[in-house]
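Please look through the sequence and the model below before reading on. The report that comes after them takes up a few features in turn.

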Amino acid sequence: MTLGPLPRMAPLEIGQLSIFSCLDSAGPTRKPEEMLRGLPDGREDPDWLAPYFSDDGRMVMAYQSFLLRLEERVILVDCAVGEDGTFPARPDWHRKKSNWLAHLGLAGVTPDEVDTVFLTHLHLDHTGWLTRWQDEAWIPTFPQARHLTTRVEHEFWLGRHEEFPYMGASIPDSVVPVDEAGLFDFVVPGDEIAPGLAVVDLAGHSPGMVGLEYREAGKLLAAFNADLMHHPLQMAYPEVTTLFCADPARAAATRQEKLADYAEAGAVMFCNHFPGDCAGRAERDGEGFRFVATR
Ligand SMILES: [Zn+2]
C-alpha cells in the first residue's frame, strides 16, 4: 500500500499575491452535533456537503497556516496546533509530531525568512507553531518576525485563559514566550499590513478575531477568513455556531454579513479548517450559501 500525502490546497496565485498552505493535520474530528449549536431539526444536508464528512458522519477538518508572498514580504497567517503541546483532552494532538515545518520548507521558506506572523485569534489551534520545544524550553519559532494580533484578543486570552480548560497550556507554552520576547504588535480593523492586504473585523467566535482582505485597484480578490466557518455546514446554515464561540449571536451575524460580501464580490475565501481545496467562493443557495472550491 502506498500512502499519499494528506489532501491539501495546491499553491495559488491571485493577482500579485501567492498563497501556499502549510498543513499541520487533516482528518475526521467530531460529529456535527458534538461541536455545533443551532443545527436545524431533521435537516437534509445539500449534496455538495457530502465529501466533507467521513463514513461515520464525522466532520473532516484541517488545521493549517497560509504562507503569503506579496512583493518582498513573507507573511504567515496563523500557526495551527504545533508539536509537543499538552492537550490531554485531545489524544490526537497531545504531544504530537507534525511535518508542518516541512511544508514551510516546501514553500521555499525558512522560519527566519518570515517577516510577519498574523494571528487571526489566539485559540490553541492557531498558535501552536509560534514556539518550539527545544533544550527543555519553549522558544519562538519566528524570532525575526513581527507578530500581529488585536489588543482585544491579546488582553482577553493572556488575562483569562485559565477560565477555559482547553486553553490552559497553549497560552503559557505558545503565546507567552513570544510576548516576553517583545515580538507582538497590535493591529486594528482597517490597518494595511502589506500593499492591498487589510485587517478586517471578524469578532464573535473569539472576542477580537480578525481576518485579512486582499484588494487590487480597489477590487476585493481574496479573504483569509479565520474561523468565520469551521466546516462548510456553516455555509449551508450560517446561523449555526460552535461551542467555542465567545459571542454566538455576533459570530452568526458576522458570518452572514461576510458571506454576503464575499459572494457578491466573487472573492476567493481561504477557509482554515476546510480539508483539501480550502480556497473557494461563496454562492447563494436557498437560505444559505454553498462552497465552490477553486479547483
Ligand atoms: Zn480554529
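This is a predicted model: local features need pLDDT of at least 70, side-chain atom pairs count only at pLDDT 80 or more; totals for chains, interfaces and linings use all residues.

Seven strands make up an open sheet with mixed pairing, and their order across it is 11-12-13-14-16-17-18. At the edges stand strand 11 (192-194) and strand 18 (288-293), and because each has a single partner strand, one side of each is left without a neighbour in the sheet. From one strand to the next, the twist averages 35°.

Within this sheet, strand 14 (219-224) runs parallel to strand 16 (residues 268-270), and three bridges join the two. Ala223 is found opposite Met269, which belongs to strand 16.

## The helix on the sheet

Helix 6 (residues 248-265) packs on the sheet, where it touches strand 14, strand 16, strand 17 (279-285) and strand 18. The direction of helix 6 makes an angle of about 100° with that of strand 17.

## Two residues with positive phi

Ala226 is not a glycine, yet it has a positive phi of about 50°. This residue lies in the loop that connects strand 14 to helix 5 (233-236). Is Ala226 buried or exposed? Ala226 is buried, because 26 other C-beta atoms lie within 10 Å, and the cut-off for a buried residue is 20 or more.

Arg95, which is likewise not a glycine, has a positive phi of about 55°, and its place is in the loop between strand 5 (73-77) and helix 2 (100-106). Arg95 counts as exposed because it has 12 C-beta neighbours inside 10 Å, and a residue with 12 or fewer is classed in that way.

Conventions. Residues are numbered from 1 along each chain as its sequence is written. Helices (H or I, at least four residues) and strands (E, at least two) are DSSP runs, numbered from the N terminus. Two strands pair if DSSP finds at least two bridges between them. Axes are lines fitted to C-alpha atoms, for helices over the stretch in contact, and angles run from 0 to 180 degrees between N-to-C directions. Two residues are in contact if their C-beta atoms, placed from the backbone, lie within 7 Å.
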